[in-house]
Amino acid sequence: GRNLSPLLAEILKDEKVDASVRSGAVYALGNLGEAGVKFAPDILNFLKDEKVGANIRSYAASALGKIRQLELKEVAIILNPIYDRNQSQLEQWRFHTYFLGGGTEEVKTLLTWLGKPERKSIPEELTRDKAIKTLNTFLKIWEPSQDLPGLREDLAEQISIVVSQKQVTWQPQDILLLENLRNNLSKASYGNKAPAVESVITNLQIWGKIYSARNLILLHIAFWLTLILFYPKSPHIQAIFFWNPWVRRILGMGYVGFLLTWVPYFRRKLLEPFKFPLLADAGLDNFNPDGYFPESNITDTPNVEETRCIASLHISEKIPQIQGQIIIEGASGLGKTMFLRHLLNNSTRTVVYLPAQKCQNGVIEAIQAKLHGQAQDTDFLRSLIYSGAIDICIDGINEVNAETRAKICQFVETNFHGNIIITTQPLEWIPPATAKTYYIQPLTSDQIERFLLSRVSRLPKDASIQGKDYEAACEKFLKTVFNNSNSKLSHEERIATMRILSNPMDLSLVSLMLSQNKEPNLFNLQQQQYNLMSGEYFRERGYEFPLKKFSQAVYQMRLNDESALPAEEFYKELESMEDEKYKMVVSRQWQQDDEDKIGHELDKNMKEWYFRHDKIMDFFLVQNFLGKTDEIETRLINHMGDSRFRGVYFY
């Protein structure tokens, strides 16, 4: 048999030999088993010969099954006879295809779509994975089908059908496979089938660009979100990415600046590093919530006589937060600044506290001086104020000149949507038309007693009288004062006494005197406070407190609209005045980064002193107005209309 096999192969190849003889040769080669494996290609070529009858080719296919399993590219040859005209052995050839192909998944896929399957066997719905596997199988038999026109035409049709399935969601990574299929269709003159594939490719390319852009945008957003997350604690991120306008605008692609301006969360993050400088002037580090007296009343009418008939509300109830535009007016010492500090201490919003003196160049400019980077931008600040994202407290507008007040009023009226609160002593001026004015009231008789008793927790640690003894001293003092008011004192003196006792600042001095076992001098409390302080100053240092020199320095400081006391010249004096027994001044400390001459960073411990209250400052200012000299007379006349020295004339 082995000697005859070459001869049989020659007979099989010779198309001049009768088909029945060639069929016999196929049969004989099939009986050789493994010995006939090398002749499988010859048998396959015989099957491709359309001149040979279908029955003979079917017989040859059966013989081929005895030799070996066919590869996928060879299976195409078995499929092709199905497309013969008047094919009556369709099922038989489909069986040959399945059997000779070994029944693999790829062969099953071919039989699902090719070889004239029953329409009901074609999947009505395809997943993307199944569609890709199907197209990859089609791609493998595309070249082997080159000489099989029936099969290739059906293959081109089925490629178009599979690609056009609407339920299949193609992905950008499928473009390479689809391009190979499109190119095959175009080259093989099946261009009418290519547009369906081309349409899918075009859509994928468009969506691919969109997805790429989306991923780039998401990456960009994630980058900036990460920066914002670490921004409050990283000076390098603050300086490089947020405080550099060019980096922020170019790398931010426009939308970063917009989000930082209009999204509340991002605005809070942007301003978070500035929380300390924004509130530094409020001195909240020295504010004790337990020392705040929340019972002061407030009304919306300036006439004190009328308020007796009007139900007043506690100021904390009437103004629980900074909302809208509010002016609080009241005499010196009634607790306007303490109320602002109380609001700031309890606020969860972004707030800036500005002494009115710092608004000489404008409110926006005063805020900018506390900020850096985009937060310092004028338009950005205006948008924050307009949208109510940053609240503003302006304290002591009566202490500045008319020009500064005009700038503040113009700012308030321009930013009528902003949350702004202003405090002032009684003043002849035209307040902003957009603001509502409230008037803080002196303490009532009941409130005076409660105020004094509430100071028990605020007394100096070395106070002579404390606890129950202090409460008893308070009750005794009030009983004595009110009895005297009803009998010994004149009407004017009774009014003056009540005015002093109803003033929380003066009442704090009364509390201090009582705790030191001193009889309060209601008509000279600041002098009495000074005498206690200067007496201890003399005992500790052996020389007198330099009242005249210190008062002259305070006068120059007031003329220059400065608030910090000259610490370098009067350090020892300020230390004595800061003693908790007298509390005439308060200090604020912070660290300031600086550089030496060779560029090394240094941390400087900074400390500044401020008067605890303007009444204490007025005591030292008035020393410059006492006497009968021409200079003092001129000074009295020159400052008559200056609101900064208003308190001096009460002395």
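# Exercises on a predicted model

The largest nonpolar core has 52 residues, and those that touch the most other members are Leu47, Leu64, Leu114, Leu135, Phe138 and Ile159. A nonpolar core is a set of buried Ala, Val, Leu, Ile, Met, Phe, Trp, Tyr and Cys residues joined through side-chain atoms within 4.5 Å. Buried means under 20% relative accessible area, exposed over 50%, and partly exposed in between (1.4 Å probe, protein chains only).

The model is predicted: local features need pLDDT of at least 70, side-chain atom pairs count only at pLDDT 80 or more, and totals for chains, interfaces and linings use all residues. Residues are numbered from 1 along each chain as its sequence is written, and side-chain values use heavy atoms, without hydrogens and water.

**Exercise 1.** Find which residues leucine 135 is in contact with, leaving aside its neighbours within four places in sequence.

*Solution.* 
- Contact means heavy atoms within 4.5 Å.
- With those neighbours set aside, leucine 135 is in contact with Ile159, Val162, Val163, Trp170, Leu177, Leu178 and Leu181.
- Another core, of 42 residues, lies apart from the largest one; among its members are Ile237, Leu260, Leu278 and Ile364.

**Exercise 2.** State the strand order of the open sheet and find the strands at its edges.

*Solution.* 
- Strands (E, at least two residues) and helices (H or I, at least four) are DSSP runs, numbered from the N terminus.
- Two strands pair if DSSP finds at least two bridges between them.
- The seven strands follow the order S2-S1-S7-S3-S6-S5-S4, with mixed pairing.
- S2 (313-314) and S4 (350-355) are the edge strands; each has a single partner strand, so one side of each lacks a neighbour in the sheet.
- S4 pairs with S5 (residues 390-395) in the parallel sense, over six bridges.
- In this pair, proline 355 stands opposite aspartate 395 in S5.

**Exercise 3.** Determine how many residues of helix H30 (residues 614-622) are buried.

*Solution.* 
- Nine of the nine residues of H30 are buried.
- They include Asp614, Lys615 and Phe619.
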